[in-house]
Amino acid sequence: KYWAQCPPQLAPFSDTALRLVENDNNKNKNASSSSPLIAYLSDKMRGAKLADDKVLSTMLGAWLTELHLYDREHNNNSSNSHSSGNSNGISNLQAFLANHVSQLDAKTILRILSSHDVSAAECADYAAASGDLGTAVQTALGKRAPSCN
C-alpha cells in the first residue's frame, strides 16, 4: 500500500512492480497470486483518478483487468471445479469492473475480456455498464459481437 505513495525517485514503478511479483512468488512457491501487485496498482489507479489522468487510468485498468483474469484462471486450473475460489475470482473481477467503469476504456476492456475465457453474459454486463449498448444487446442475445465472444 505504501509503495504506491512513494515518489518515483525512491520507488520507480517498474522496480516496485517486479519486487512485488518476485516477493509473492518466493513466499508462495506452489501458489501464484497477483494480490500484492493488484493492491499496488489499485492504489496507483486511485491516484490517477484523483489527478484526472485518463491515460494512466486506462493503462492501469487494462493491467488490473488482466491480473484479475489471470488470478481467476489460475484458481480455475488449481481447483478444477466450480468452488468458492472460482466465484471469488469472478466476483473480484466484476467488482473491479463495476467500481471503475468510468475510468476504464470500454473498447480496451472488452478486447481483454474477449481474449480470455469470459462468458458472453459478463461481456454484456460490462458493455451495458460502460454505455456500449449495441455490444451489450448483441452479446446478450448470443450473437457474435465485434468485441466479445
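User: Among contacts between residues at least 6 apart in sequence, what percentage join residues at least 24 apart?
Analyst: In the chain, 57% of those contacts join residues at least 24 apart, where contact means heavy atoms within 4.5 Å. This is a predicted model, in which local features need pLDDT of at least 70 and side-chain atom pairs count only at pLDDT 80 or more, while totals for chains, interfaces and linings use all residues. Residues are numbered from 1 along each chain as its sequence is written, and side-chain values use heavy atoms, with hydrogens and water left out.

User: How many helices and strands does the secondary structure come to?
Analyst: The chain has seven helices and zero strands, taken as DSSP runs numbered from the N terminus (helices are H or I with at least four residues, strands E with at least two).

User: What about the core, which residues have the most contacts inside it?
Analyst: In the largest nonpolar core, which has 24 residues, those are Leu 41, Leu 97, Leu 104, Ile 109, Leu 113 and Tyr 126. Two or more residues each come from α2, α3 (54-79), α4 (84-99), α5 (106-114) and α6. A nonpolar core here is a set of buried Ala, Val, Leu, Ile, Met, Phe, Trp, Tyr and Cys residues joined through side-chain atoms within 4.5 Å, and buried means under 20% relative accessible area, with exposed over 50% and partly exposed in between (1.4 Å probe, protein chains only).

User: Take Leu 113, then: what is it in contact with, leaving aside neighbours within four places in sequence?
Analyst: Leu 113 is in contact with Thr 65, Leu 69, Leu 93, Leu 97, Val 118, Cys 123 and Tyr 126.

User: Why does Arg 72 count as buried?
Analyst: Because its relative accessible area is 4%.

User: Switching to Lys 44, where does that one lie?
Analyst: Lys 44 is in helix α2 (residues 35-50), and it counts as partly exposed because its relative accessibility is 21%. Its C-alpha atom is separated by 8.6 Å from that of Ser 57, 13 residues apart along the chain.
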